[in-house]
Amino acid sequence: INAEYMGEHGYCSQELVNLLLVGHATSNLFDGEQILDADTEALRLRGIPHRSEIGLLSYYEHFDYFTVGSHLKQPVHCIWVVCFESHYSVLYAKDTFSPDAEYFDLYYYDQLGMQDEEIRLTIDTLAGHARVTEGTLGPPLEDTIRTKWLGAGVDWNGHERIE
């Protein structure tokens, strides 16, 4: 792999992740393009050009470091790569559900978590969960889920919550 696709400490870069998800090695996660100087169009930033088959959610968005666009948040299939501070995991639905569904189940898999059982999360989009205030950290997976489903409640269905 070209060294430009590998970041510090041997982690893959956002360009590599985007290349794998949408076939374009862009640095950004927003939809389409953004022009920084409208008069000259001298600086054009490229993001995600089209809706992806598999999506992406990022814990970094919870901290307002950047915005993940709808092309990645609303993929064709109900599968999302989840970016945490040092690794990736996956959320997926076994059954398709309506984008405006109030309740649905997602399954979580983290290969580094040495999981031996299925983790089923029930998402309640009407829960009205308040955003965690600055200086306070909530469970990272729940905060990441709420970057797509604002205010959602997350029921771990008896499984130990991952902090």
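By contact I mean heavy atoms within 4.5 Å. I am working from a predicted model here.

**Entry 1: F97 and its neighbours**

I started by asking which residues F97 touches. Leaving aside residues up to four places away in sequence, I found C78, W80, F104, L106 and W149. I then looked up the largest nonpolar core, which has 22 residues. F97 is among the members that touch the most others, along with L91, L106, L121 and L141. Strands β4, β6 (103–109) and β7 (119–124) each give two or more residues to this core, and so does helix α4. Another core lies apart from it, with nine residues, including V22, L29, I48 and V81.

**Entry 2: aromatic pairs**

Next I searched the whole structure for aromatic pairs and got nine. I looked at Y59 and F84, whose ring centres are 6.1 Å apart. Their planes meet at 65°, and planes over 60 degrees apart count as edge-to-face, so I logged the pair that way. Y59 belongs to helix α2 (residues 59–62), while F84 is in the loop between β4 (79–83) and β5 (88–92); the two are 25 residues apart and the pair links distant parts of the chain. Are Y59 and F84 buried or exposed? Both are buried.

I then turned to W80 and W149, two of the residues that F97 touches. Their ring centres are 5.4 Å apart and the planes stand at 80°, so this pair is edge-to-face too. Here strand β4 supplies W80, and W149 comes from the loop between α4 (140–145) and β8 (153–155), 69 residues apart. W80 and W149 are both buried.

I also noted a cluster linked by ring pairs: Y59, Y60, F63, Y65, F66 and F84. On a separate ring, that of Y107, I found the charged end of K94 sitting over it, 4.4 Å from the centre.

**Entry 3: strand β4**

Since β4 kept turning up, I checked how covered it is. Four of its five residues are buried.

Which strands does β4 pair with? Strand β3 (residues 55–58) runs parallel to β4, and four bridges join them. S58 has C83 as its bridge partner in β4. With β5, the pairing is antiparallel, over five bridges.

Key. Residues numbered from 1 in each chain as written. Predicted model: local features only at pLDDT ≥ 70, side-chain atom pairs only at ≥ 80, totals over all residues. Heavy atoms only, no water. Phe/Tyr/Trp six-rings, centres within 6.5 Å; stacked < 30°, edge-to-face > 60°. Buried < 20%, exposed > 50% of the residue type's maximum accessible area, 1.4 Å probe, protein only. Lys NZ or Arg CZ within 6 Å of the ring centre and 35° of its normal. Pairing = 2+ DSSP bridges. Core = buried A, V, L, I, M, F, W, Y, C linked by side-chain atoms within 4.5 Å.
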